[in-house]
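Work through these exercises with the model open beside you. Try each task before you read its solution.

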Amino acid sequence: MNKEFAFQWHITDFCNLRCKHCYQDRFDKERDLSFEVLEKIIFNIIKTLKEHNYSFLIINITGGEPLISENLFPILNILEREKFVKEFYIITNGIFLNKFLDKLSLYKKLKYLKISLEGGKEETNDMIRGLGNFKRIIEILMNISLEKVLMFTLAKYNYKEIPEMINLTDRINGKGLILERFIPLGRGKNLFDKTLNANEWYDVCKIISDIYNINPKDLLPYKAFYLDLEKDELYGALCNIGDESMCLMPNGIVYPCRRLPIQIGDLKLEDFSDIISRLRSFKMKILKERLKGKCSSCDIKECTGCRALTYNLKGDLLGEDPQCFYLKF
């Protein structure tokens with residue numbers, strides 16, 4: 001059985017945008033590490049995963065804006081050479097894509113680009129990402145041949161636009177779209193009241209379930225969705241906190257999840273073998289029998305709610321998930 005490890009690698013805080021919902025609260029290079037340190041870190045991760053009998057590694061590279069980091073292409077060169085790395089993705093705001101298309105097209109392991117937008121309509125997107133962003137990005141995406149998907153973070157201001165998001169993805173010839181939930185963190189704390197409630201998250205699942213002719217209840221365990229327009233299939237993402245994933249920040253700090261800023265370790269100073277055991281232990285701390293409220297008695301075995309949501313909304317890692325609509329059934 002293949003045992004994979006996948007992580008989100010924030011190689012820089014530096015960014016050209018100041019999106020209102022951003023999980024970051026800084027946008028400079030002060031925490032960025034040198035390529036020499038980053039190189040040691042990725043080789044340590046690969047070595048450790050092999051020793052622990054993992055089969056392969058998948059990496060989502062992001063920032064900040066990764067395309068303006070001088071470390072991006074040296075890192076990609078390593079990932080392209082290393083057989084243990086199965087594939088990688090780049091999460092980008094898309095503004096600098098034209099400048100780097102020729103270089104990016106050389107990487108066979110770059111499965112596709114993930115481009116962030118905030119709505120299926122210009123006014124919705126630009127309210128979050130800045131005036132003129134929508135038209136600029138769509139023009140770029142209409143004229144690039146690299147495989148691409150769109151990413152949307154759902155909040156009160158855009159969740160009703162899922163049909164428009166699907167149409168937009170089809171319009172730019174995207175393979176599909178990713179739908180995630182907004183969690184108030186970093187700059188996003190200023191939009192705290194835009195977090196979806198349980199009824200609104202139910203509406204999201206109802207829209208999706210109607211498209212795929214399934215019961216909304218079947219979508220309860222999932223924290224995000226990938227709508228594959230090419231294959232006309234729906235994929236749900238379970239919470240993957242534990243020893244199969246992590247978030248690596250620009251300064252080498254490891255979180256269990258980007259939206260759950262609890263430090264698990266520091267890869268500048270520690271061996272990854274110690275950190276991966278802590279990731280496993282962290283998951284054990286949030287098993288269902290430790291949870292509170294309706295999450296503790298829920299009979300959906302694969303679901304423990306969204307711990308990042310409860311932590312950032314309520315300051316309680318083990319609290320019940322305020323977006324769960326389980327009681328509707």
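**Exercise 1. Describe the lining of the second largest pocket by residue class, then find its volume and the residues closest to its centre.**

Solution. Start with the classes. The lining of the second largest pocket has seven nonpolar, two polar and seven charged residues. Keep in mind that this is a predicted model. Next, take the volume. The second largest pocket holds about 290 Å³ of space. Last, look to the centre. The lining has 16 residues, and C239, K283, E302, C303 and T304 are the closest to the centre of this pocket.

**Exercise 2. How many cavities of 30 Å³ or more are there, and what lines the largest cavity?**

Solution. First, recall the method. Rolling a probe the size of a water molecule over the atoms shows where empty space is left. Now count. There is one cavity of 30 Å³ or more. The volume of the largest cavity is about 170 Å³. Its lining is made of 18 residues, and the closest to the centre are L220, C303, G305, D321 and C324. Sort the lining by class: ten residues are nonpolar, three are polar and five are charged.

**Exercise 3. Describe how helix α4 packs on helix α5.**

Solution. Two packed helices are described by the angle between their axes and the distance between the axes. Helix α4 spans residues 122-129 and helix α5 spans residues 133-141. Their axes are 8 Å apart, at an angle of about 110°. Angles of 65 to 115 degrees count as roughly perpendicular, so α4 is roughly perpendicular to α5. Now list the contact. α4 brings E122, N125, D126 and R129, while α5 brings N133, F134 and K135. By class, this contact has one nonpolar, two polar and four charged residues.

**Exercise 4. Describe the crossing of helix α1 and helix α8.**

Solution. Locate the helices: α1 covers residues 35-51, and α8 covers residues 272-285. Their axes come within 9 Å and cross at roughly 65°. The crossing of α1 and α8 is right-handed. N44, I45, T48 and L49 of α1 meet F272, S273 and I276 of α8. This contact has four nonpolar, three polar and no charged residues.

Technical notes: Residues are numbered from 1 along each chain as its sequence is written. This is a predicted model: local features need pLDDT of at least 70, side-chain atom pairs count only at pLDDT 80 or more; totals for chains, interfaces and linings use all residues. Side-chain values use heavy atoms; hydrogens and water are left out. Axes are lines fitted to C-alpha atoms, for helices over the stretch in contact, and angles run from 0 to 180 degrees between N-to-C directions. Helices (H or I, at least four residues) and strands (E, at least two) are DSSP runs, numbered from the N terminus. A crossing is left-handed if the near helix is turned anticlockwise from the far one by less than a right angle, and right-handed if clockwise. Contact means heavy atoms within 4.5 Å. Ala, Val, Leu, Ile, Met, Phe, Trp, Tyr, Cys and Pro count as nonpolar, Asp, Glu, Lys and Arg as charged, and the others, Gly among them, as polar. On a 1 Å grid over the protein atoms alone, a cavity is a set of points where a 1.4 Å probe fits but cannot get out, and a pocket is an open set with protein on both sides within 12 Å along at least five of seven lines; lining residues have an atom within 4 Å of a point. Grid points are joined across faces, edges and corners, and a volume is the space filled by probe spheres set on the points. Angles under 35 degrees count as roughly parallel, over 145 as roughly antiparallel, 65 to 115 as roughly perpendicular and the rest as oblique.
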